[in-house]
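Please open the model in your viewer and keep the sequence panel beside it. The tour below moves from one selection to the next and says what is found at each stop.

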Amino acid sequence: MTQLPSKNHHQLNPQKLRLSKWTAVNPQEKEKHFLVTKVIDPEQPKHLIELVVMEAVLTKRSFTMRWEDLTDATKWVQGWV
Amino acid sequence: MATVSIGPHLIKNGMRGLAAPELEHTGYTLELSSDEFVLNASIYRQIRSWQPTKILIDDFFVQFDPVPFRLTPASEIREKDSAIGALVSLDAVLCSLYIKHEVKRPIISLLQELRNDLPLNHCSYPRIENGSQMIREDLGNLGFEVVGFFPYGRTITVQFGWVFPQDRLEANSKLCLYAGSIEFKPRPDRTLGKGAWRPPLEVTVSYLLADWLESKAKKGVLSEMGVQAAVDNFKWTKVSLLTNTEAAKARIDFVRDHPELHNNHQSLAKALKDAELYSDTMEIYAIKKQVLKLIEKAKAQ
């Protein structure tokens, strides 16, 4: 588990992120609430998980991002608020 | 696994008006019968107070209690409370039914009936001009079209829709159902690469449509026009035109050329991003984690 020290960072275990709910602090195009729909396995088993697929609840738009970006509390808040 | 041999289909129930605040009777009941269970559930429409005339497929709900089979775990996000009890979205129920049980009636036949009987008038991804020509012809003949492009960092996601048969020949009809997407990571030679399917979460009929599309698209999904449109919609930046090896070398060269930033990792990370040597979606903190190694390599060469 990666731990980032700042108070602006959440601590997360990437393996437990699937179906977790997230709220974008600065929503774009009315997309505010998201879910992690997939945790992408690394290409090599010895590598760490790097990417997750997010899906916007409203539009179902999906995109891949680094899971560690979710730890930035200035951009993402856990849960739907 | 049960076998559903009768339905699902819609039956008129004569119910009209409000069933609860912001919840309207549609006048239809969803019915089905299998060797293990039967379902008979009134269908309601959620009225969005801020957009009361906009009606999407996920605005239709049934009461949770009569649903006699287990829903997919993710369906809890499509449940809601109301004055008449707990509700769950109609398309979450249908998605779970078709995933978990053998249903004789094809989903597209049911969707065609829903389009006739329920007042759908809006969708997340309306049809786009030439969308039907951007997909392989055999997939287009099944009703699939390209409905959007979403460039994000080093990827471009091509989004698909499924058009109801009733709407296919209507030039002005923009209505369709989302049918999943493919995420491509374009290569420096301006080709799209293989792409990865990105099905929606298993809580909507969109999941079923995406699954069907993927099963039919083993030989690829986009037409020549679709490939070109995807390439044109991608944001080609400096880093996207470099191979991984070239990008790594360019970063080291940049770091070597800027010794004044070696003691300020934050500024160096920002400068690398500003120089388009990382994707625009890469956060500074993530670049910063690589900076020390880049400095070591720059000094070693």
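**Chain A and its strands**

Begin by selecting chain A, which holds zero helices and five strands (helices being DSSP runs of H or I with at least four residues, strands DSSP runs of E with at least two, both numbered from the N terminus). This is a predicted model, in which local features need pLDDT of at least 70 and side-chain atom pairs count only at pLDDT 80 or more, while totals for chains, interfaces and linings use all residues. Residues are numbered from 1 along each chain as its sequence is written, and chains are lettered from A and ligands numbered from 1 in the order in which they are written.

Followed along the sequence, chain A reads β-β-β-β-β. Of its 81 residues, 28% count as buried, a residue being buried if 20 or more other C-beta atoms, placed from the backbone, lie within 10 Å of its own, exposed if 12 or fewer do, and partly exposed in between.

Now select β3(A) and β4(A), which run antiparallel and are joined by five bridges (strands pair if DSSP finds at least two bridges between them). Leu51(A) has Arg66(A), in β4(A), as its bridge partner. Five residues lie between the two strands of this hairpin, and Lys60(A) takes a positive phi near 70 degrees there. β4(A) is mostly covered, with four of its five residues buried.

**Where chain A meets chain B**

Next, show both chains together: 15 residues of chain A are in contact with 16 residues of chain B, contact meaning that the C-beta atoms of two residues, placed from the backbone, lie within 7 Å. On the chain A side, the elements that give two or more residues are β2 (31–40), β3 (51–56) and β4 (62–66). Which of the elements gives the most to this side of chain A? The answer is β4(A), with four residues.

**The domains and cores of chain B**

Turn to chain B, for which the domain assignment gives domain 1 (3–117), domain 2 (131–233) and domain 3 (241–300); such bounds come from an automatic or database assignment. The centres of domain 2 and domain 3 of chain B, taken over C-alpha atoms, are 35 Å apart. Their contact takes four residues from domain 2 of chain B and six residues from domain 3 of chain B.

Select Val62(B), Val93(B), Leu177(B), Ala179(B) and Leu209(B), which touch the most other members among the 74 residues of the largest nonpolar core (a core being a set of buried Ala, Val, Leu, Ile, Met, Phe, Trp, Tyr and Cys residues joined through C-beta atoms within 7 Å). Domain 1 and domain 2 of chain B both give residues to this core, so it lies between them. Centre the view on Leu177(B), whose contacts include Ile57(B), Trp162(B) and Leu209(B). A second, separate core has twelve residues, among them Ala269(B) and Leu294(B).

**Helix α2 of chain B**

Finish with helix α2 (residues 107–117) of chain B, whose buried residues are Leu110(B), Leu111(B) and Leu114(B). Seen down the axis of α2(B), these buried residues fall within an arc of 100 degrees, so they line one face of the helix; the arc is that of the directions from the helix axis to the C-beta atoms. The face turned away from the buried side of α2(B) carries the exposed residues Ser109(B) and Asn116(B).

Terms used:
Lists of a residue's contacts leave out its neighbours within four places in sequence.
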